[in-house]
Amino acid sequence: MSTVNAVVMYPLAMEESELEDLHRRFPGVKFDNIGYFEPHGLRDAKAKGRVTEELLATAPPLTEAEKDTIAGAGVLMALDLPPGIRDWAPRLRWVQAIGAGIGQLEPAKLKAKGIMLTNAAGVASAPIAEFAVGRLLEVWKDIRVLERQQEDHHWQMHQGLLVKGKTIGIVGLGAIGRDVARRAKAFETTVLGNRRSARPGDTDPDVDELYGLDGLDEMLARCDAVVLSAPHTPETIDLFDGERLARLKPGAVVVNVGRGSIIDEDALVAALESGQVGAAVLDVTREEPLPADSPLWDAPNMYLSPHCSTAREGYNEALMELFCDNLERFLADEPLRNVVDPDRGY
């Protein structure tokens, strides 16, 4: 293979030593670092197919030299892609996304140009799983009450629930779901997994029982908590609507670290108010940032966080390890990890 040009657009700024390390590891690749980071409004509009000329005007400007460098690249690692790049970067063959979410990269349009897209699924699975399990412990041990008592200087016995023996269901057995399952089993819980490709009789080493899509409702009726870690696809939009929430074991805890579109939020608020859902942990919402007038803020037993369940610590190192592994595969013309299928949404 002839010399390949690769541009790292995220992280926004790399140390010279980091670029030198890449050059030493891949002597046949020319690396450049050109930071590119779009405003949230533009990124969100791209993911939802609602881009306007006004939003496009907010894209960070590139110098002619930067644009020429990107135009000559065969490989990009990026959070965002400059507008129209598919038309002015004719050599581009592969984009490595820096996160699991890739809607803002408009994968279908990349595919139409013959550009392969890979995501970073799994890079942040450990901290997200820790967050999900930590929130469950917070709910079941009723930590909020203890914190209020400390703030009020009020000494009163208050005990939470026993986690051992509870049943936790996981919807979406990808990297995050598996890491949740392994941690949950350490607490001696029963872990049920749901994967849409599962067939009757299938098993999985990370869960005690495995259900397919047709068995989702049966699984939910057994769960003291359900963790949602499924991707955004046409099939998962409003997967948890009012009818499905009603099929949960009464008082179950719902944890969403997947995508905000999975839950009908109005139905969730109603289920919290009725007590059908005992508590809800949402690190993702349909609209982000969450509007100040959203009813989610004041829903009973709601545990909200602003899409921050991952951790910065170790992320860039894990991301670069994935990128380098995929680059080796790319140069050897071997299958890449985490290839996105735009027709399925991931």
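# Helices, cores, cavities and backbone

Q: What covers the buried residues of α9?

A: The cover of the buried residues of α9 includes α7 (125-140), β6 (167-171), β7 (190-194) and β9 (225-228). Helices (H or I, at least four residues) and strands (E, at least two) are DSSP runs, numbered from the N terminus. Covering rests on contact, which means heavy atoms within 4.5 Å. This is a predicted model, in which local features need pLDDT of at least 70 and side-chain atom pairs count only at pLDDT 80 or more, while totals for chains, interfaces and linings use all residues. Residues are numbered from 1 along each chain as its sequence is written, and side-chain values use heavy atoms, with hydrogens and water left out.

Q: Which residues of α9 are buried?

A: Buried means under 20% relative accessible area, exposed over 50%, and partly exposed in between (1.4 Å probe, protein chains only). An α-helix has 3.6 residues a turn, so residues three or four places apart point the same way. In helix α9 (residues 175-185), the buried residues are Ile176, Gly177, Asp179, Val180, Ala181 and Ala184.

Q: How many residues are in the largest nonpolar core?

A: A nonpolar core is a set of buried Ala, Val, Leu, Ile, Met, Phe, Trp, Tyr and Cys residues joined through side-chain atoms within 4.5 Å. The largest one here has 53 residues, and Phe31, Val227 and Phe323 have the most contacts inside it. Helix α13 (residues 315-331) gives the largest share of this core, 8 residues. Another core, of 30 residues, lies apart from it, with Leu239, Phe240, Leu248 and Leu296 among its residues.

Q: Which residues does Val227 touch?

A: Leaving out residues up to four places away in sequence, Val227 touches Ala132, Leu136, Ile168, Gly169, Ile170, Val171, Val180, Val255 and Val257.

Q: How many cavities of 30 Å³ or more does a search of the whole structure find?

A: On a 1 Å grid over the protein atoms alone, a cavity is a set of points where a 1.4 Å probe fits but cannot get out; a pocket is an open set with protein on both sides within 12 Å along at least five of seven lines; lining residues have an atom within 4 Å of a point. Grid points are joined across faces, edges and corners, and a volume is the space filled by probe spheres set on the points. The search finds 1 cavity of 30 Å³ or more. The largest cavity has a volume of about 50 Å³, and its lining includes Val133, Trp140, Ala184 and Phe187. The largest share of that lining, 4 residues, comes from α7.

Q: What is the volume of the second largest pocket?

A: Its volume is about 230 Å³. Among its lining residues are Pro11, Met14, Arg25, Met320 and Cys324. Both α1 (16-25) and α13 supply at least two residues of this lining.

Q: Which peptide bond is cis, and where is Pro289?

A: Most residues other than glycine have a negative phi, and most peptide bonds are trans. The bond from Glu288 to Pro289 is cis, with omega near -5 degrees, and Pro289 is in the loop between β11 (277-282) and β12 (302-304). A cis peptide bond also joins Tyr10 and Pro11, with omega about 10 degrees.

Q: Is Glu188 buried or exposed?

A: Glu188 counts as exposed because its relative accessibility is 52%. Glu188 is in the loop between α9 and β7 and has a positive phi of about 60 degrees although it is not a glycine.
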